[in-house]
Amino acid sequence: MRRVRIAALGLAVLACSGLVSARTAFEAGCEDAARDAGATFSTRESGWRVDNTLSYRDLTRMKRPGVRNGFVLGLTRTESRVAIQIDGTLLASPDGALECVMPRIAVTLYYQPIVVYVSREFAPDSCAYDEILAHEMRHLKSYLDYLPKVEVRVRDRLAGRFAGKPLYARAGESRMLLQREIDRNWMPYIKAEMGRVERLQAMIDSPREYARLSKVCQGEVQSLIGSTRRSRS
């Protein structure tokens with residue numbers, strides 16, 4: 001909204017000064033050049049790996065720091081990232097008082113390399129290990145499937161704002177105002193959209209699922225965790 005008010009003020013000044021034709025030519029040039037304005041998107045996979053080096057106590061502290069009750073047998077960890085690059089053509093009005101920028105915005109969405117942990121108390125290829133790993137694979141799939149969905153939502157919003165549209169401002173201010181809008185409005189919005197995946201992760205870790213895992217493999221999980229607790233007491 002701030003950028004719109006600046007543009008309206010500048011154009012009003014031109015009209016009052018009798019330079020209506022110059023203003024019209026300027027706007028026409030901006031609108032014609034703005035055909036290339038818009039946003040492009042890409043998603044990037046950074047890979048994933050399985051780690052069996054940490055104990056269930058380590059994993060519990062990682063997921064639930066300070067919580068003593070319960071235990072975590074597996075954990076899938078990553079961090080979402082948003083990279084935005086801004087470019088675009090800039091045109092100045094004939095009198096040099098105004099300018100327009102045709103923004104070209106490139107957005108990249110990705111995760112830090114994903115690590116799938118299964119606690120070291122469970123031997124690979126054992127029944128309990130396979131059950132825990134299968135559970136964590138659901139988390140991994142949820143992360144990977146979510147990126148394209150974010151891309152669709154964010155692309156539609158950004159297209160409504162920037163596609164084919166010049167942005168007007170006083171001379172020397174358009175790029176600064178564009179960067180400010182990206183930093184203050186669009187970056188927080190995209191990060192919030194990326195963060196919504198954690199709700200899906202929480203749904204996977206339902207109480208029913210935890211109860212199921214605790215009883216799989218004829219009580220192998222409960223038996224092993226109980227024996228390690230007794231050995232540490």
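**Figure 1. Helix H4 and the lining of the largest pocket.** In this predicted model, helix H4 (127-162) gives the most to the lining of the largest pocket, with five residues. Other elements that give two or more residues are helix H3 (56-63), strand S3 (74-77), helix H6 (197-204) and helix H7 (207-232).

**Figure 2. The centre of the largest pocket.** The volume of the largest pocket is about 600 Å³. It is lined by 28 residues, and Lys63, Gly74, Leu75, Thr76 and Asp205 are the closest to its centre. By type, the lining consists of 12 nonpolar, nine polar and seven charged residues.

Figure 3. Val197, Gln201 and Ile204 are buried in H6. Seen down the helix axis, the buried residues of H6 fall within an arc of 55°, so they line one face of the helix. In an α-helix there are 3.6 residues a turn, so residues three or four places apart point the same way. Arg199 and Met203 are exposed and sit on the face of H6 turned away from its buried side.

**Figure 4. The largest nonpolar core around Val107.** This core has 26 residues, of which Val107 and Ile190 touch the most other members. Strand S4 (80-92), strand S5 (98-111), H4 and helix H5 (174-195) each supply at least two residues, and H4 has the largest share, eight residues. Leaving aside residues up to four places away in sequence, Val107 touches Thr40, Phe41, Ser42, Val82, Ala83, Ile84, Leu158 and Ile190.

Conventions: Residues are numbered from 1 along each chain as its sequence is written. This is a predicted model: local features need pLDDT of at least 70, side-chain atom pairs count only at pLDDT 80 or more; totals for chains, interfaces and linings use all residues. Side-chain values use heavy atoms; hydrogens and water are left out. On a 1 Å grid over the protein atoms alone, a cavity is a set of points where a 1.4 Å probe fits but cannot get out, and a pocket is an open set with protein on both sides within 12 Å along at least five of seven lines; lining residues have an atom within 4 Å of a point. Grid points are joined across faces, edges and corners, and a volume is the space filled by probe spheres set on the points. Helices (H or I, at least four residues) and strands (E, at least two) are DSSP runs, numbered from the N terminus. Ala, Val, Leu, Ile, Met, Phe, Trp, Tyr, Cys and Pro count as nonpolar, Asp, Glu, Lys and Arg as charged, and the others, Gly among them, as polar. Buried means under 20% relative accessible area, exposed over 50%, partly exposed in between (1.4 Å probe, protein chains only). The arc is that of the directions from the helix axis to the C-beta atoms. A nonpolar core is a set of buried Ala, Val, Leu, Ile, Met, Phe, Trp, Tyr and Cys residues joined through side-chain atoms within 4.5 Å. Contact means heavy atoms within 4.5 Å.
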